[in-house]
Amino acid sequence: MHYYNVKDLVEEAEKRAVTIGRVVKEMEAENLEVPVEQVEERMLAQWLTMKESAEIGLSEPKKSMGGLIGGEGKKLNDYRLNNKTLAGQRMNKAVSRALAVAEVNASMGKIVAAPTAGSSGILPGVLLTVQEELNLDDRRIVDGLFTASGIGIIIAQKASISGAEGGCQAECGAAAAMAAAALVELAGGLPSQAGEACAIALKNVLGLICDPVAGLVEVPCAKRNALGASLALVSADMGLAGIKSVIPVDEVIVAMGEVGCSLPDSLRETAKGGLAATPTGRELAERFLGKF
Amino acid sequence: MREYSCFDILGPVMVGPSSSHTAGAVRLGRLARAIAGGVPKEAEIILHGSFSQTYRGHGTDLALIGGLLGFNTDDVRIRNSFAIANEKGLSFKFIPANLGEGFHPNTVRFFLISAEDEKLSITGASVGGGNVVITHINDNEIELKGDLPTLITTHHDIPGVISRVSGVLAEYKINIAFMRVFRKEKRKLAHMVVETDDKVNSAIINDILKLEPIVSVRSIEPV
Ligand code: SF4
């Protein structure tokens, strides 16, 4: 069985009075022809790896392969521990972890692509934080990961989850939208609220280009993970508050795909436009490529 | 429309930073190793297109060597694969070059000397999302994606070989997914690439080896 619309997924979940995560989990088990426990185990393994990358990123920060980033996650975490902060503790906890995982990725550490390696920080960043703040056990988070992946499947089918195809809206944008939906369900919100949160997050990244400096998954990728995490949290709160997206979520997803197709090549991972083409971006690229 | 699994979206577990430039490179290295029948003694590695431009920043070089050593895409030893290669007696060198038109931007060509002193040239590309394809072994064009168990035979090009090999597989109820035959010259040595749905065990390979036109069989597990 497959769902091609968020609306169908939400309706199925509400009809059965279960979470989207539960519907997706059962669908996955059915498609793989294995018991539900088996897909749960497999998702738990992904989750434990995500946790591990966030921990390593904060405790052993490393310079990235290209040398452009490293240590920012820890810096934000130290700042938050010693200051009141403007955006608050939860927010900064999530953001510092998202940064940390993106840094682990950029320094050849182990991560879970979510949905891609470049956007791998957003889900662990927010989910680890709500796990601690709301006291949720790993099993609950695994359900949230099924919610996120169900949304991700639909985005992949109707739009894209590749920067080369759809720009960064398809990577960090998709990750934020997936995370927002998962957060709503983990906080006890309704499936329909999860759908609204997903739409709200995705609307805010429409047009976001993919412009990695020197072609490396470092700048602006790590900081887009950071702000993707904050976007997910705020969108989830809006969904939980009962705010609706005027444009329905499935239409937003299609719009994202169309915007991606109309982005010029220079703004889709080729490192020829956007930040990659700024004077500093070019200089870093030259220095980097010239170094070898 | 492609149907996705949850684990295509939340996964793979991999060593970063890039699915095409790192994870794909590991898989290409693993396939080259399998074709060479184990860790080679020497590897001269030509990097083409985007691979030649950004290989260091993506750790493509470390990933290719990690693959030749048999590491998985999520093995954190990849970061230290050069030192491990030195320990294991694999000498290697990278040469950024332009292979010309018609090659995917993420193409690599391995010139290998295997543990048995066989010289091999293996060309492949990382085509996105960690997916790869081996396009050439020596001068032979092939298509090997490494996601199914695969057999590569070397055999004398005489009538009936193909049906005899597929006959052995049928006996063991192994379903053939894709099959391709190529040769340089009529009636000399030829090769067959057989991708199967199920795992091919050593008993089956021994039975194929017993067929007299068969010179050798290499079994390649999915990477
Ligand atoms: S800028 Fe491009 S490479 Fe970086 S995270 Fe976004 S989509 Fe991925």
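Predicted model: local features only at pLDDT ≥ 70, side-chain atom pairs only at ≥ 80, totals over all residues.
Residues are numbered from 1 along each chain as its sequence is written, chains are lettered from A and ligands numbered from 1 in the order in which they are written. Local features need pLDDT of at least 70, side-chain atom pairs count only at pLDDT 80 or more, and totals for chains, interfaces and linings use all residues; side-chain values use heavy atoms, with hydrogens and water left out.

Chain A and chain B bury about 3,100 Å² between them, with 67% of it on carbon and sulfur atoms (accessible area, 1.4 Å probe, lost on putting two parts together, summed over both). A:M65, A:M108 and A:K110 supply 21% of the area that chain A buries against chain B, more than any other three residues. Contacts (heavy atoms within 4.5 Å) join 44 residues of chain A to 30 residues of chain B. The interface has 0 salt bridges (a side-chain nitrogen of Lys or Arg within 4 Å of a carboxyl oxygen of Asp or Glu).

Strand 1 of chain A pairs with strand 1 (residues 13–15) of chain B in the antiparallel sense, over 3 bridges (strands are DSSP E runs of at least two residues, numbered from the N terminus; pairing requires at least two DSSP bridges). A:V112 stands opposite B:V13.

Key: Helix = DSSP H or I, 4+ residues; strand = E, 2+ residues; numbered from the N terminus.
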